[in-house]
Amino acid sequence: MITESLKSLYNRDLNKLKAEIESYQNETAIWKTDKNISNSAGNLCLHLVGNLNNYIGAELGKTGYMRNRELEFSLKDIPQAELIEKVTATAVTVDKVLSQLTPEDLEKDYPLVVFGDTMTTGYFLIHLITHLDYHLGQINYHRRLLDI
């Protein structure tokens with residue numbers, strides 16, 4: 001039951017991320033920063049894709065994904081269409097991996113110690129969706145403030 005709920009929430013929110021990136025009227029605005037807005041929507045999008053492909057894809061799904069977190073925040077001017085493709089591919093990976101998890105898997109310790117302490121896989125998957133939503137909200141505000 002919880003796995004289906006997680007799949008539904010990740011699918012919903014990755015589709016919202018895709019919709020936010022698609023909603024930029026001015027493609028160059030995706031990469032804007034201004035005053036106290038230090039991360040562009042493009043970099044936040046790359047960060048979310050990297051985060052989920054690393055923690056869900058590579059760690060739980062053994063996809064072989066290799067994360068370069070520094071590039072998530074330093075790359076610039078990736079085309080809007082390419083960002084959308086990355087989000088779409090991430091959604092497929094997340095859905096596939098979550099589909100393979102059993103309720104027992106969710107109760108096991110997550111394979112990495114991420115915040116200095118062990119946690120269950122289920123707990124960490126809930127954390128990752130809240131992380132996605134936090135940055136999704138930032139992207140929404142970024143678009144409404146800087147897509148001019």
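Student: What makes the largest pocket a pocket, and what is its volume?
Tutor: On a 1 Å grid over the protein atoms alone, a pocket is an open set of points with protein on both sides within 12 Å along at least five of seven lines. The largest such set has a volume of about 190 Å³, where volume means the space filled by probe spheres set on the points, joined across faces, edges and corners. This is a predicted model, in which local features need pLDDT of at least 70 and side-chain atom pairs count only at pLDDT 80 or more, while totals for chains, interfaces and linings use all residues. Residues are numbered from 1 along each chain as its sequence is written, and side-chain values use heavy atoms, with hydrogens and water left out.

Student: Why is the space lined by K7, Y10, N11, L14, A91, V94 and D95 called a cavity?
Tutor: It is called a cavity because a 1.4 Å probe fits at its points but cannot get out. About 40 Å³ lies in this largest cavity, and the count of cavities of 30 Å³ or more comes to one. α1 gives four residues to its lining, the most of any element.

Note on methods:
On a 1 Å grid over the protein atoms alone, a cavity is a set of points where a 1.4 Å probe fits but cannot get out, and a pocket is an open set with protein on both sides within 12 Å along at least five of seven lines; lining residues have an atom within 4 Å of a point. Helices (H or I, at least four residues) and strands (E, at least two) are DSSP runs, numbered from the N terminus.
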